[in-house]
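Subject: Structure for your review

Dear colleague,

Please find the structure below, together with its sequence. My findings follow it, and I would be grateful if you would read them with the model open.

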Amino acid sequence: MERLEKMAQLYFKYGAMNSGKSFELLKVAHNYEEQDKSVRLFTSGMDDRDGVGMVSSRIGMRREAQPVVKDTNIYEHILQEQEKEKIWCVLVDEAQFLTKEHVFQLTKIVDELKIPVMAFGLKNDFMNHLFEGSEYLLLYAEKIEEIKTICWYCGKKAIMNLRISDGTPVYEGDQIQIGGNESYFPVCRRHYFNPVIEERSE
């Protein structure tokens, strides 16, 4: 038990669009379950691209997860699940959409229930502002890791997300607009400020 307590930490694994965050989450879930260790998956209730409560990777892997909405209490949910069976890890996709309160619930799962929590998501939005969930995960996570991908236009590391509407870059608007490759490109800093839409589409 003492060893498990030392292992239980809150992880935030972030990356730009198309960096394989959901794939990484599904891989972690598979690794636990291959050893007969139960996990619980959560994802944002706002993302309905592949159905509400579904974690989907761009390479075709997908599985159901508990959708998180504003009034979801993740801690209480895991507390109840622990009565049924031992939970070895909690995995959260689209963690940028969490609220401050949700992040505090994740810290309680780690600190009080001694269960590791891994949250995967974007760090910054298309205007380069932190999402609420990402801000508090950066503040409270013991382990922070970047999942890297390359710029849509060049081979440099992508650190920003460029929103596109009708082939035109967008730098203002609502923070949350659910979309994939048709709406967002992972880009380096240079191509965020100087995108070359026509060049990339040829």
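The buried residues of helix 4 are covered by several elements, including strand 1, strand 5 (66-68), helix 3, strand 6, strand 7 and helix 5. Please bear in mind that this is a predicted model.

Which residues of helix 4 are buried? They are His102, Val103, Gln105, Leu106, Thr107, Ile109, Val110 and Leu113. Lysine 114 follows helix 4 and has a positive phi, near 60°.

Threonine 107 lies in helix 4. Its relative accessible area is 15%, and therefore it counts as buried, the cut-off being under 20%. Once neighbours within four places in sequence are set aside, threonine 107 is in contact with Leu10 and Tyr140. Leucine 10 is 97 residues away from threonine 107 along the chain, yet their C-alpha atoms are separated by 6.7 Å.

Together with strand 6 and strand 7, helix 4 (residues 100-113) forms a right-handed β-α-β unit. Strand 6 and strand 7 (residues 117-121) are paired in the parallel sense, with 3 bridges, and valine 92 is found opposite alanine 119 of strand 7. Strand 6 also pairs with strand 2 (residues 39-44), again in the parallel sense, over 4 bridges. Here leucine 41 has leucine 91 of strand 6 as its bridge partner.

In which directions do the residues of strand 6 (residues 89-92) point? Cys89 and Leu91 point one way, while Val90 and Val92 point the other way; all of them are buried.

I turn next to the nonpolar cores. The largest one has 25 residues, and the members that touch the most others are Val90, Val92, Leu98, Leu106, Ile109 and Leu137. Two or more residues come from each of strand 1 (10-14), helix 3 (74-84), strand 6, helix 4, strand 7 and helix 5 (132-140). Which element gives the most to this core? It is helix 4, with 5 residues.

Isoleucine 109 shows how such contacts are made up. Not counting residues up to four places away in sequence, isoleucine 109 touches Ile74, Tyr75, Ile78, Val90, Lys114, Ile115 and Val117. There is also a second, separate core of 14 residues, which includes Leu26, Val55, Ala65 and Phe120.

Finally, there is an open sheet of 3 strands, in the order 10-9-11, with antiparallel pairing. Its edge strands, strand 10 (168-170) and strand 11 (184-187), each pair on one side only. From one strand to the next, the twist averages 45°. Strand 9 (residues 160-165) and strand 10 run antiparallel and are joined by 3 bridges. Isoleucine 164 has proline 169 in strand 10 as its bridge partner.

Yours sincerely,
A colleague

Technical notes. Residues numbered from 1 in each chain as written. Predicted model: local features only at pLDDT ≥ 70, side-chain atom pairs only at ≥ 80, totals over all residues. Heavy atoms only, no water. Buried < 20%, exposed > 50% of the residue type's maximum accessible area, 1.4 Å probe, protein only. Pairing = 2+ DSSP bridges. Right-handed = clockwise from strand over helix to strand, strands pointing away. Core = buried A, V, L, I, M, F, W, Y, C linked by side-chain atoms within 4.5 Å. Contact = heavy atoms within 4.5 Å. Axes fitted to C-alpha atoms, helices over the stretch in contact; angles between N-to-C directions.
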